[in-house]
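Colleague: Please open the model so that we can go through one annotated site and one interface.

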4 protein chains.
Amino acid sequence: MAMVCLSDFEAYAKKYLPKIAWDYFAAGADDCTTRDENILAYKRIRFRPRMLRDVSVVDIRTKILGSEISFPVGIAPTGFHQLAWPDGEKSTARAARAMDTCYIASTYSTCTLEEISAAAPGGLRWFQLYIHRNRTASQQLVRRAEALGFQGLVLTADLPYTGKRRDDVRNGFRLPPHMKVKNLEGAFEVCKMSLLDPSVTWNDIYWLQSLTRLPIIIKGILTREDAELAVHHGVQGIIVSNHGGRQLDEGPATIDALVEVVEAVRGRVEVYVDGGIRKGSDVLKALALGAKCVFIGRPALWGLAYKGEEGLQDVLRILQDEFCLSMALAGCASVSEIGQHLVQFSRL
Amino acid sequence: MAMVCLSDFEAYAKKYLPKIAWDYFAAGADDCTTRDENILAYKRIRFRPRMLRDVSVVDIRTKILGSEISFPVGIAPTGFHQLAWPDGEKSTARAARAMDTCYIASTYSTCTLEEISAAAPGGLRWFQLYIHRNRTASQQLVRRAEALGFQGLVLTADLPYTGKRRDDVRNGFRLPPHMKVKNLEGAFEVCKMSLLDPSVTWNDIYWLQSLTRLPIIIKGILTREDAELAVHHGVQGIIVSNHGGRQLDEGPATIDALVEVVEAVRGRVEVYVDGGIRKGSDVLKALALGAKCVFIGRPALWGLAYKGEEGLQDVLRILQDEFCLSMALAGCASVSEIGQHLVQFSRL
Amino acid sequence: MAMVCLSDFEAYAKKYLPKIAWDYFAAGADDCTTRDENILAYKRIRFRPRMLRDVSVVDIRTKILGSEISFPVGIAPTGFHQLAWPDGEKSTARAARAMDTCYIASTYSTCTLEEISAAAPGGLRWFQLYIHRNRTASQQLVRRAEALGFQGLVLTADLPYTGKRRDDVRNGFRLPPHMKVKNLEGAFEVCKMSLLDPSVTWNDIYWLQSLTRLPIIIKGILTREDAELAVHHGVQGIIVSNHGGRQLDEGPATIDALVEVVEAVRGRVEVYVDGGIRKGSDVLKALALGAKCVFIGRPALWGLAYKGEEGLQDVLRILQDEFCLSMALAGCASVSEIGQHLVQFSRL
Amino acid sequence: MAMVCLSDFEAYAKKYLPKIAWDYFAAGADDCTTRDENILAYKRIRFRPRMLRDVSVVDIRTKILGSEISFPVGIAPTGFHQLAWPDGEKSTARAARAMDTCYIASTYSTCTLEEISAAAPGGLRWFQLYIHRNRTASQQLVRRAEALGFQGLVLTADLPYTGKRRDDVRNGFRLPPHMKVKNLEGAFEVCKMSLLDPSVTWNDIYWLQSLTRLPIIIKGILTREDAELAVHHGVQGIIVSNHGGRQLDEGPATIDALVEVVEAVRGRVEVYVDGGIRKGSDVLKALALGAKCVFIGRPALWGLAYKGEEGLQDVLRILQDEFCLSMALAGCASVSEIGQHLVQFSRL
């Protein structure tokens, strides 16, 4: 079977992954409305392509927080990569480095931060953090990440409690015994989300800032009010995200929320988006609406499930080619030429 | 089979109830457009969730007409509970009390008001009333309810005649011989809706007020004009309802009508809503749009059909957990923090 | 099988009529978009029902051009009733008289005007007319109709040529040899639509007026411009119609066009509508939007196909009961209380 | 099987063409959203038909760039007609001449321009051009076309690179060995799109103008900005086109873009449209919205696949009959009476 577009990888993963793992990766909260809306919302955006512009050279490179990446697609933080491929996050790190882009490693990795770093020295990586009731545990994670050369700290803001994912409840989802949330070993019993601290507030941003010199990116913002608060509290970046539709169902699609957040932020910090990216042209739409870069979650896992590091590179390369072609067909020779004039919202 | 969400109970009831009973509970008028719109309209409302607010304690208690309930979900009046479970309304009363919420007992119960009261002494209960051509019969029901400690009188306003429910006509629906509309025995032959008085007008509210000191809640209001009249005639509460889509088909979904009614009422009386509640997040949406509390009809019957009192408690507990989680994920630590800023109507 | 609603009759007719006859009655032009939109457009209109109004007596009678009918539903002109039932238009005439309503007999009847009149003396009937190239033929028809006591002349304006109904082309539709378009026998060869005059203009209304003292109703108007012209040329009534979606596909649904026409006419002449009426509540919607009366086409044919005169009475009686119930549930005790306040267009 | 409407030809072609050829003709870019939207967008436009206008004679002739054609439907440039019928573009040329309309021959024809000319001397033909990296090759093509009596030069502007058509990638589409892109033989290796020049800009219009006295029509414009530029650079016509949805997916449907382009152009040059035309009434809609003429792509190929020259004539004749009937039913006796008042955009 030829792997031509991202849905080919999705079909492969659905067929070959154990059902419990597929269900876990695919899960959305409640009726999965938001998970599916993330994708559908892109389809409601129409391009306004421009013709007869010199696109003999198309420059797709960009920078996030000062670091250059080969194209504006990074790897979003998702947990438990060993469920998809034996080498887990080590493969993810290698693929991201090979493709010269940014990988946000999750706290809930099945490899340690040290293993991830060692697997792909020199790669651009950020570390995703939850704040635990046991603040010392969080503090140690931040210091390990900083020491290992991670270049950004991504605080997930939308998980005071875990969303209700019906299939996981039905399946009684838990990690197989031979996998571990290794980053947390020793600190406390793994995989108990109830160890996350639901009392976290904006003030804890100040606490985080006191622990590290890494830039802080806040993930999970969906409203202009929270975007304003994020800027006010001194974060360096915002990832517009609804956790892949796995937390509060029936919130906005991320591409819709992006418009509101970008408007509120007025360029004061970088804004990124995840959720629903399935084609290179989705990346172009997100950038046209003001995102500096997008991050992919499930498609990265499908790539891993297909062929580990190599499969994830395939996924990234397809997105890259599609993004480059979309730019050319829309009349853009570099990412700096991408702007809101390129898109309009469909009446339907 | 794990009972994870309300549709699991629906599937169970559809499978195990006699077809004639399932059809009766499921029935909507004519094409069932309004019955189905009640549900679909919730899906057109999007949350605007807020992040990083302290939701370590989430207080879901509220009050209706001065009585505290454990969370803002009560049991709407529906008839013939013995069709769902042998103990009928006695089980309903027990489950409502166990879950510390309000149960609106229907005139068309298959247990007497006295049996219902005795089954769950001390529970918060309102009594639902139709006005009969034989006014003495209605008067006696009001007095019995008041004497038994019912704390509110719910006047159904949308049934001058019974809606046309095609399946009931095809099935020739009638109660099995061993069940009776016990509250009306002696007063007149049971189950003849034609004994209801289609000449009732707003002035009859005054007549009801002369019979009882109980607060009067009017059920079935869908327009601002009628909401204004209800306030003007001195009711204490309004239930925005279309009788589960069983009366006039192609009226508004109740959650859409709620907006209009709340706006007209301007806080002068409490406003509730029923119809289409299937998830805890639906409750949150209704409260965000101004409802003080919601009532569930068919889902309560599915719970009864599953395991009687215990099954109904399961249903209520799932709604409670989902409502609590939705609040936390939307950033609300108490019902007083819920407001219109939490929602927006989708363009689709 | 119980005949509970009009779709039961549709299912019966589809099952028992010869395919070529079913296809002819069901046919719409081209993609049948307008045929289907006629129905769907009703579903986009929502009621705003009012409560607690005295509906103990509901008066559904009305008048059209001064003649009282038992309720505001008449029989639209459709051709070839013998395809549905052996007695053809004689049965139609009897059923209409039995239900005390108006029957518009088609030029393309399979019984003569004389047979129709004799079958149901004293019934309220209008005659539907096309203008033929051979004007004498048209003139004779008008004079016969007037002499036979027909009380109105309905000029069809939307058929300069016959619409393209694909199934009729595939089937090679033509009348079976034992049926005839009897009204036209002698005048010229039957069933050649090409004998209709496509050069007819508004001035021909004056010519018609010179032939007869009957009121002239124009059928097929869909725009405010043409409604204005109709009033200007002195017609007594307008039937908003798209010929059941059989002529120009992708014109407006008739209930949508009704709004525009009623607005333009400003009460100067009576406005009626046909197309898409399938439930009593559709009649209520049409009246709320300004129609004085509606006419049914295909449902009348389904009734005939079911049981001739008796079947058509069944259809009319169901519509009557449903219309009456809808009025009561919407809070209207007589047709004079029906108004635009009763409806709103859905956002969807 | 009767060939009644264009979808009958589509069904035939899908059944009888080799899968690889069908897939190539049917292909759209990425998710095929734009390909399908081209059709769906027509369905969202409603007619406002006018009645009682003399349509005894309906004149459907029109002129494009001064040449009269029998009706406003021409043949859009599509490649590789031998995939549909052995005689390829020679049949296309003969059918177009027989129907007295314009045929735009593609650079990627499987017959030479000389063969095409010889097959149907005197026919109205335009030549479609890509600009190649090897400018001499393009220049020679222009000169050959002009010498052969082609009367217009259509520059395709939307293909700096070929869109991603998934099925073609899966099928490994390439021409069978016995077919050739004959126009380019000798100039360079055929069928390598990468020989097209992606650095082309508006200035190259001036270069083209320096080569030929033929009028230049630019094909692939979708925005008002580019329409303005086209007029500014002195083209004689614009074809609003998205290459049948084969280039940038999720751009606008062409009929939607037409409105914007016509508004910008303000009559200074002629505007045409292709994409999604499936019925005569689609042609009427396009003309009502300002197109001077439409061009059909895939339907022409289906006609060829059915019966070569004769099949394509069938397709054109059906469109002609349908267009003529639509005009009459909408109340237009000549194309000059067609205007924007005839249509409105549906709310849905």
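The questions below take the annotated site and then the interface.

Modeller: This is a predicted model, in which local features need pLDDT of at least 70 and side-chain atom pairs count only at pLDDT 80 or more, while totals for chains, interfaces and linings use all residues. Residues are numbered from 1 along each chain as its sequence is written, chains are lettered from A and ligands numbered from 1 in the order in which they are written, and side-chain values use heavy atoms, with hydrogens and water left out.

Colleague: Is His243(A) buried or exposed?

Modeller: Buried means under 20% relative accessible area and exposed over 50%, with partly exposed in between (1.4 Å probe, protein chains only). His243(A) has a relative accessible area of 14%, so His243(A) is buried.

Colleague: Which residue's side chain is joined to that of His243(A) by a polar contact of 2.8 Å?

Modeller: Leaving aside neighbours within four places in sequence, the residues in contact (heavy atoms within 4.5 Å) with His243(A) include Tyr130(A), Asp158(A) and Arg165(A). A polar contact is a pair of N or O atoms within 3.5 Å; within protein, one must be able to donate a hydrogen and the other to accept it, and residues adjacent in sequence count only if both atoms are side-chain atoms. The partner of His243(A) at 2.8 Å is Asp158(A).

Colleague: What area do chain C and chain D bury between them?

Modeller: Buried area is the accessible area (1.4 Å probe) that two parts lose on being put together, summed over both. The contact takes 40 residues from chain C and 31 residues from chain D. Of the buried area, 57% is on carbon and sulfur atoms, and the total is about 3,100 Å².

Colleague: How many salt bridges are there between chain C and chain D?

Modeller: A salt bridge is a side-chain nitrogen of Lys or Arg within 4 Å of a carboxyl oxygen of Asp or Glu. One of them joins Lys279(D) and Asp249(C) at 3.5 Å, N to O. The count is eleven.

Colleague: Which helix of chain C gives the most to the side that touches chain D?

Modeller: Across this interface, 17 residue pairs are in polar contact, both at pLDDT 80 or more. Elements of chain C that each supply at least two residues include helix 3 (33–43) and strand 8 (216–221). With four residues, the one that gives the most is helix 9.
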